[in-house]
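Here is a friendly briefing to read alongside the model. Take a look at the view below, then follow the notes by topic.

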Amino acid sequence: MNKKFLIIKGSGREKGYTNMLCDELVKHLKDDEVEVFDTYNASIIPCNGCDYCRFSGVCINRDLDEFYKSFEECDTVIFLSPVYNGTFPAPMKSLIDRFQVYYSTFYENNKTQQIEKRRTAYLIGAAGRDGNVAFEYMKGQLKCAFTILNIELKDAFLCSNTDTQPDFEGIFQQIKRSLSIND
């Protein structure tokens with residue numbers, strides 16, 4: 001049975017390691033349904049805390065309506081992101097902040113999950129140097145968001161030292177094992 005994967009890509013560098021990892025993933029998930037959502041090309045309007053979603057159940061900005069549909073229907077979400085200044089790049093962080101629509105609805109509806117389908121998620125990062133401390137922080141941010149999104153963070157991988165000697169192949173082999181991807 002084919003799975004639906006949603007890859008959320010957070011890199012603006014076309015030839016960067018994050019995009020290289022994304023291209024490899026898409027290539028290896030050829031037997032599944034894969035959608036790539038590029039946060040840099042999406043022109044995401046940042047959340048401004050207006051509370052519209054709290055009372056209406058939808059965001060006042062309609063720029064992510066299609067994304068929300070894909071996000072709710074997929075089986076697996078893969079967050080692919082470089083580490084920028086200790087966290088996610090701004091477009092990826094804007095997307096995560098826009099999960100506010102789910103938070104507001106969750107708390108307005110007596111802590112009832114808005115997304116019924118249980119999904120799994122993976123975080124894959126790329127850091128120019130060590131990146132481990134920042135990556136732990138990024139995992140924590142996602143785990144916090146996942147509490148109301150009906151998602152379990154299944155695994156996380158960091159490709160460190162991309163400025164000098166990254167272990168791209170070693171990290172990708174770990175990712176393939178965790179996702180049960182065969183060659």
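**Cysteines, a helix and a pocket**

The sulfur of Cys159 lies 14 Å from the closest cysteine sulfur, that of Cys22, which is too far for a bond. This is a predicted model, where local features need pLDDT of at least 70, side-chain atom pairs count only at pLDDT 80 or more, and totals for chains, interfaces and linings use all residues. Residues are numbered from 1 along each chain as its sequence is written, and side-chain values use heavy atoms, leaving out hydrogens and water.

**Cysteines**
- A search of the whole structure finds zero disulfides (pairs of cysteine sulfur atoms within 2.5 Å).
- Cys159 is buried, at 0% relative accessibility (buried means under 20% relative accessible area, exposed over 50%, partly exposed in between, with a 1.4 Å probe and protein chains only).
- Cys144 is partly exposed at 45%, and its sulfur is 14 Å from the closest cysteine sulfur, in Cys47, so too far for a bond.

**Helix α5**
- Helix α5 spans residues 100-108, with Val101, Tyr102, Ser104, Thr105 and Phe106 buried (helices are DSSP runs of H or I, at least four residues, numbered from the N terminus).
- The cover over these buried residues includes α2 (52-56) and α3 (65-73), counting contact as heavy atoms within 4.5 Å.
- After α5 comes Asn110, with a positive phi near 50 degrees.

**Lining of the largest pocket**
- Residues of this lining divide into four nonpolar, three polar and four charged (Ala, Val, Leu, Ile, Met, Phe, Trp, Tyr, Cys and Pro count as nonpolar, Asp, Glu, Lys and Arg as charged, the others, Gly among them, as polar).

Technical notes
Helices (H or I, at least four residues) and strands (E, at least two) are DSSP runs, numbered from the N terminus.
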